[in-house]
Amino acid sequence: MREAPPAEFSSALIACAHRRRSIGDPLYYFTEIGSTNDEALRLAEAGAPEGTTVAAAAQTAGRGRLGRSWHSPAGAGLYVSVVIRDPRVIPLLTLAAGVALAEGMRAATSLPIEIKWPNDLVIEAGLGRRRKLAGILTEASTGREGVQFAVVGFGINLLPAAYPPDVVDRATSIAAELGRPIDAGALLAECLAMLSEWLEALRSGDVRTVLERWTMLSPSATGSRVECDGPEGRLTGVTAGVAPDGALQVRTGGRVEPVRSGVVRWL
Ligand code: BTN
C-alpha cells in the first residue's frame, strides 16, 4: 500500500522542487514492494504522467540487468523508478541517467564516482579495479506505434548490507566509502534534480553534451581491454568510446565493433 514518504525524503524533495521540474511528482512510497520498476510500469500503463516516481525502503523482487536479481534489503539501499514518456529522451535514457546519477551521487557525497558501460556506477578500488555502488535498469513498453513509455530504475548501495556477501570484492556502499552513512533524502533529491537536468539536455536536442559528459565520467570506456559476450558470440578488444546511439565501441583486429547488449568483462 502507498504510504507517506519518510520526513527526510519530503523535506529534501521540497527544497529542490525547482530543479527537479516534474521528476519526483507524484512520489509513491512503499515500505516494501516487489519491484519499484514493476510498480512504475503498472502506473505508466494506467496513464501516470512523466516524472511519476516510485521509491521503496525494501524490494522483495528487485531486478537487475540480464535477468539478474537486485538484492534490496530494508533501509540498506535506495530503490527508485521514474516514469518517462517523452520520445525525445527514451533512446538515450540509460546514458543520461548514468550521467545524472554519477553527478547526483558526486554532489551528495563528494566521492569520485564513475560510470561503467552501460549502467553501473562504480568507484576506483586501486590497481585499475572498480567496485559497484549503484546500477540502472531501463525498461520500455512498446506498442504498435513504437515505444509508448519507459521506466528508469536505479538502486544505490547506501550500506554494506545492500549487497550479498559473495560480491563483496566487486561491490561497495556509500557508507563504506565515506566511513559514515549519509542522508538518503538529500541523495535522492540530488539524483532526481540531475536526472531532470540531463533529460532536459536530451529534450533540447543536445545529445553531444550528454555524450561528452558521459565520456568524461566513464574513463573505462576508452582504452580498456574488454571481453564481450553478445548475441554474435565473444569479442575481445579495446574500448573506443561510446557511439551516438549509446553502443560501446570496441576496437578489435583493425575494426571497431558496436556492443549494444550482453556481458562485458573488463580485463
Ligand atoms: C543492474 O545493475 O543490473 C541494475 C540494477 C537496478 C536495480 C534497481 S532498484 C530499483 C529498480 N527496481 C528494480 O527492480 N530494479 C531497479
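Helix axes here are lines fitted to C-alpha atoms over the stretch in contact, and angles run from 0 to 180 degrees between N-to-C directions. With that in hand, let's walk through this predicted model, beginning with a pair of helices and moving on to the sheet.

Helix H4 (residues 93-109) and helix H6 (residues 184-203) have axes that come within 8 Å and cross at roughly 140°. Angles over 145 would count as roughly antiparallel, and H4 and H6 are therefore oblique to each other. The crossing in which H4 passes H6 is right-handed. On the H4 side, the residues making the contact include Leu93, Ala96, Ala97, Val99, Ala100 and Leu101. From H6 come Leu187, Glu190, Cys191, Met194, Leu195, Trp198, Leu199 and Leu202. Sorted by class, this contact holds 16 nonpolar, 1 polar and 2 charged residues.

**The sheet**

Next comes the sheet. What is the order of its strands? The 7 strands of this open sheet follow the order S1-S2-S3-S7-S6-S5-S4, with mixed pairing. Strand S1 (27-33) and S4 sit at the edges with a single partner strand each, so one side of each has no neighbour in the sheet. From one strand to the next, the twist averages 25°.

Two helices pack on this sheet. Helix H3 (residues 36-45) touches S1, strand S2 (53-59), strand S3 (77-84), S6 and strand S7 (146-157), and its direction makes about 150° with that of S7. H4 touches S3, S4, S5, S6 and S7, and its direction makes about 145° with that of S6.

**A closer look at strand S5**

Is strand S5 (residues 120-124) mostly covered or mostly open? It is mostly covered, with 4 of its 5 residues buried. S5 pairs with strand S4 (residues 114-116) in the antiparallel sense over 3 bridges, and 3 residues lie between the two strands of that hairpin. S5 also runs antiparallel to strand S6 (residues 130-143), joined to S6 by 5 bridges. S5 and S6 form a hairpin too, with 5 residues between them, and Gly126 in the turn has a positive phi of about 90°.

| Residue | Stands opposite |
|---|---|
| Lys116 | Asp120 in S5 |
| Asp120 | Gly135 in S6 |
| Glu124 | Arg130 in S6 |

Definitions and conventions:
Residues are numbered from 1 along each chain as its sequence is written. This is a predicted model: local features need pLDDT of at least 70, side-chain atom pairs count only at pLDDT 80 or more; totals for chains, interfaces and linings use all residues. Side-chain values use heavy atoms; hydrogens and water are left out. Angles under 35 degrees count as roughly parallel, over 145 as roughly antiparallel, 65 to 115 as roughly perpendicular and the rest as oblique. A crossing is left-handed if the near helix is turned anticlockwise from the far one by less than a right angle, and right-handed if clockwise. Contact means heavy atoms within 4.5 Å. Ala, Val, Leu, Ile, Met, Phe, Trp, Tyr, Cys and Pro count as nonpolar, Asp, Glu, Lys and Arg as charged, and the others, Gly among them, as polar. Buried means under 20% relative accessible area, exposed over 50%, partly exposed in between (1.4 Å probe, protein chains only). Two strands pair if DSSP finds at least two bridges between them.
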